Amino acid sequence: MTRVSIDLNADLGEGFGRWTLTDDERLLSVVTSANVACGFHAGDAATMRRVCALAAERGVRIGAQVSYRDLAGFGRRAMDVPAGELAAEVAYQIGALEVFARAAGSRVAYVKPHGALYNRVVRDAEQAAAVVEGVRLASGGGPQGGPDGGLPVLGLPGSRLHEAAVRAGLPVVGEAFGDRAYRADGTLLPRGEEGAVLHDPGEVVERAVSMARFGTVTAHCGSPVAVRARSLCLHGDTPGAVDLARRVRSALESAGVVVAAFA
């Protein structure tokens, strides 16, 4: 019987200057993929270089976590950015991270939007197409680097982002969240709504195992939701993030799930 495999990703490098948010070094001992902030919602050159070096040392895949240009709002504020400008800014972020990934002996292995941009490209076809154009632009106008010749795009299954990536010939990877509440349609409950972020470790672990093994999770309204995911996000900016990440990984492996990078 084929064993189930799941990737564990976390948002890392989300500091700036003297300010730090995520425990990058300890989280990199748990996850298999690192979504590294590229300076637009968090992160700076020194932080990007350090996280890439740590990830490469541990064999963790490096992903570009691209966002709207919004340091003050941590990339979580809704913004209207013209498509051409957004494509250029996505390419700029990927290119910046690639410098440090190569210096560490690795490469940028995939791309994942952050925050407001992540949520926007679930439903906004124009912004989704702009992100995909930015991914292509970062590789010289054509796909490169992924298993089928293009950088994989990590995001919510069924999103406009994934539709645009498929049309452009880029690989797509579905993502799930153990600590976020879902709507019945498979989208995430907005952070501003009560119960959007789950804090009970036992509940988060149980949901993570269910999504990995059975491809289902219970929605906020109580109904079951199908979740087609190859990667599970572990948020690094929540209290007790490292301990929770370790519990999730341990529970997955105890349930017979292979924890391995998708890229």
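User: Where is the place of His114?
Analyst: The model discussed here is predicted. In it, strand β4 covers residues 108–113. His114 belongs to the loop between β4 and α4.

User: Is His114 buried or exposed?
Analyst: A residue counts as buried when its relative accessible area is under 20%. His114 has a relative accessibility of 3%, so the residue is classed as buried.

User: Which residues is His114 in contact with, leaving aside its neighbours within four places in sequence?
Analyst: The contacts of His114 include Asp11, Glu14 and His41. Among them are also Gln65, Val66 and Ser67.

User: How far apart in space are His114 and Ala260?
Analyst: Along the sequence, 146 residues separate His114 from Ala260. From C-alpha to C-alpha, the distance between the two is 22 Å.

User: What is the geometry of the pair formed by Tyr118 and Phe177?
Analyst: The structure holds three aromatic pairs, and one of them joins the rings of Tyr118 and Phe177, whose centres are 5.8 Å apart. Planes over 60 degrees apart count as edge-to-face. The planes of this pair stand at 90 degrees, so the pair is edge-to-face.

User: Which parts does the pair of Tyr118 and Phe177 tie together?
Analyst: Both residues are buried. Tyr118 is part of helix α4 (residues 115–123), while Phe177 is part of strand β6 (residues 172–177). The pair therefore links parts 59 residues apart in sequence, namely α4 and β6.

User: At what angle do the axes of α4 and helix α5 cross?
Analyst: Helix α5 spans residues 125–138, and its axis comes within 6 Å of that of α4. The crossing is left-handed. The angle between the axes is roughly 115 degrees.

User: Which residues make the contact of α4 with α5, and how many of each class are there?
Analyst: From α4 come Leu117, Arg120, Val121 and Arg123. From α5 come Ala125, Gln127, Ala128 and Val131. Sorted by class, the contact has five nonpolar, one polar and two charged residues.

User: Is Asp24 buried or exposed, and which residues does Asp24 touch?
Analyst: Asp24 lies in helix α1 (residues 24–27). Its relative accessible area is 4%, so Asp24 is buried. Not counting residues up to four places away in sequence, Asp24 touches Leu12, Gly13, Arg50 and Val51.

User: What is the radius of gyration of the chain, and how does this agree with a compact globule?
Analyst: The chain has eight helices and ten strands. Its C-alpha atoms fill a box of roughly 40 × 40 × 35 Å along the principal axes. A compact globule of 263 residues would have a radius of gyration near 18 Å, and the value for the chain agrees with this, at 17 Å.

User: What percentage of the contacts in the chain with a separation of 6 or more comes from residues 24 or more positions apart?
Analyst: Of the 263 residues in the chain, 53% are buried. Among contacts with a separation of 6 or more, the share from residues 24 or more positions apart is 72%.

Methods. Residues numbered from 1 in each chain as written. Predicted model: local features only at pLDDT ≥ 70, side-chain atom pairs only at ≥ 80, totals over all residues. Heavy atoms only, no water. Phe/Tyr/Trp six-rings, centres within 6.5 Å; stacked < 30°, edge-to-face > 60°. Helix = DSSP H or I, 4+ residues; strand = E, 2+ residues; numbered from the N terminus. Buried < 20%, exposed > 50% of the residue type's maximum accessible area, 1.4 Å probe, protein only. Axes fitted to C-alpha atoms, helices over the stretch in contact; angles between N-to-C directions. Left-handed = near helix turned anticlockwise from the far one by under 90°. Contact = heavy atoms within 4.5 Å. Nonpolar A, V, L, I, M, F, W, Y, C, P; charged D, E, K, R; others polar. Rg over C-alpha atoms; globule rule 2.2 N^0.38 Å.
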